[in-house]
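Please read the points below with the sequence and the structure open side by side. They are meant as a colleague's notes, to be checked one at a time.

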Amino acid sequence: MAKCEVCFRHCEIKEGSLGFCGARTCRNGQVIAANYGLLTPVVLDPIEKKPLRRFHPGSMILSFGSYGCNLRCPFCQNSGVSWSEQAATAVKYAKKITPTEIGAAAESYKDEGNIGVAFTYNEPLICWEFVRDTAKLVHERGMLNVMVTNGTAEIPILEELLPHIDAMNIDLKGFTDSYYRDVLKGDRAQVLRFIECAAQDCHIELTTLIVPGENDTEDEMREISGWIASLPDGEDIPLHISRFFPRFKMTDRDATDVGLIYRLADIARERLEFVYTGNC
């Protein structure tokens with residue numbers, strides 16, 4: 001048995017078993033990433049889909065993911081590779097690819113506007129070793145690295161990655177401990193620490209998905225935008241406010257009202273310079 005040090009759970013993993021994320025295992029008394037190099041989706045995407053609006057706009061980026069996640073968002077749009085039963089099936093069809101192969105593939109798409117790679121779709125931090133190893137090689141080829149993450153990781157993990165990551169979109173899913181704990185099975189305090197640290201050394205943009213009845217009040221948006229603005233140069237950190245659609249295990253409510261999204265965006269603009277609306 002060994003303890004995983006990636007996130008707040010610090011899972012004690014028995015030999016051959018998996019942690020909460022479904023992707024870290026214990027082998028010979030050490031915790032390793034069972035999903036290292038096992039990729040599911042690989043897509044050449046516009047950078048704006050990450051979403052990143054103020055980082056090389058108009059460019060493309062080679063985007064890929066693996067399987068597993070250390071949260072349990074009931075509205076997950078990538079449940080097939082994150083934490084559903086389908087994710088277990090995805091493991092069988094994941095393709096083994098080395099960091100060197102990813103670097104070469106990224107370079108091969110330069111003529112199509114590709115600027116580098118994006119670690120996305122599932123939670124990349126649960127296989128941070130693959131992110132680190134791949135990102136180093138991508139930098140050696142003069143290209144850029146992007147990570148799309150829920151920010152649920154300990155600071156030493158982030159510090160391992162920061163020298164190799166050029167931009168991140170980080171989910172700030174809400175601003176109450178109860179929402180993170182009871183709905184997402186996460187830890188808000190860890191995410192806030194992650195954002196604070198990442199903002200010091202990396203281009204970051206944040207995303208808040210507005211879920212009706214959970215995090216959709218004007219007061220909570222004032223708290224979110226006020227906290228972001230309180231960070232060093234926080235007024236210039238872009239915030240994406242996105243519309244929820246019923247999906248996966250959360251089909252008990254309607255899609256977020258478009259008018260509400262626009263109203264919350266106006267509230268955020270009282271403190272932040274760059275606020276964008278999504279899924280509207």
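1. Two strands are taken as paired if DSSP finds at least two bridges between them, and the first point rests on that definition. The model is a predicted one. In it, strand β3 (residues 24-27) and strand β4 (residues 30-33) are paired in the antiparallel sense, with 4 bridges between them, and Thr25 has Ile32 of β4 standing opposite. The hairpin made by β3 and β4 has 2 residues between its strands, and Asn28 in this hairpin adopts a positive phi near 55°.

2. Turning to the parallel pairings, strand β10 (residues 144-149) runs parallel to β11, and the two are paired over 4 bridges. Within this pairing, Val146 has Ala167 of β11 as its bridge partner. How many of the 5 residues of β11 are buried? For this strand, which covers residues 167-171, the count is 4 of the 5, so β11 is largely enclosed by the rest of the structure.

3. A parallel arrangement also links strand β12 (residues 203-210) to β13, here through 5 bridges, and His240 of β13 is the bridge partner of Thr207. Strand β13 (residues 239-243) has 5 of its 5 residues buried, so the strand is largely enclosed by the rest of the structure. In a regular strand, side chains alternate between the two faces of the sheet. In β13, Leu239, Ile241 and Arg243 point one way while His240 and Ser242 point the other way, and all of these residues are buried.

4. Asn215 is located in the loop between β12 and α7 (218-230). Is Asn215 buried or exposed? With a relative accessible area of 2%, Asn215 counts as buried, because the cut-off for that class is under 20%. The C-alpha atom of Asn215 is separated by 32 Å from that of Val117, a residue 98 positions away along the chain.

5. The next point concerns charge pairs. Side chains of opposite charge can pair when their charged atoms come close. A search of the whole structure returns 15 salt bridges, and three of them can be set beside the accessibility of one partner. Asp133 and Arg132 meet through their side chains at 2.9 Å, N to O, and Asp133 is partly exposed at 23% relative accessibility. Lys173 and Asp171 form a salt bridge at 3.2 Å, N to O, with Lys173 counted as buried at 13% relative accessibility. Asp252 and Arg253 are likewise joined by a salt bridge, in which the closest N and O atoms are 2.9 Å apart, whereas Asp252 is exposed, with a relative accessible area of 58%.

6. The last point is about charge on the surface. Which residues gather in a patch of negative charge there? They are Asp233, Glu235, Asp236 and Glu273. Of these, Glu273 sits in the loop between α8 (258-268) and β14 (275-278), and the relative accessibility of Glu273 is 54%, which means that this residue counts as exposed.

Definitions and conventions: Residues are numbered from 1 along each chain as its sequence is written. This is a predicted model: local features need pLDDT of at least 70, side-chain atom pairs count only at pLDDT 80 or more; totals for chains, interfaces and linings use all residues. Side-chain values use heavy atoms; hydrogens and water are left out. Patches are made of residues with over 30% relative accessible area and no salt bridge: like charges are joined within 9 Å, nonpolar side chains (Val, Leu, Ile, Met, Phe, Trp, Tyr) within 5 Å. Accessible areas come from the Shrake-Rupley method with a 1.4 Å probe; for residues, only the protein chains shown count as cover. A salt bridge is a side-chain nitrogen of Lys or Arg within 4 Å of a carboxyl oxygen of Asp or Glu. Lys and Arg count as positive and Asp and Glu as negative; His and the chain ends are not counted. The place of a charge is taken as NZ of Lys, CZ of Arg, CG of Asp or CD of Glu. Buried means under 20% relative accessible area, exposed over 50%, partly exposed in between (1.4 Å probe, protein chains only).
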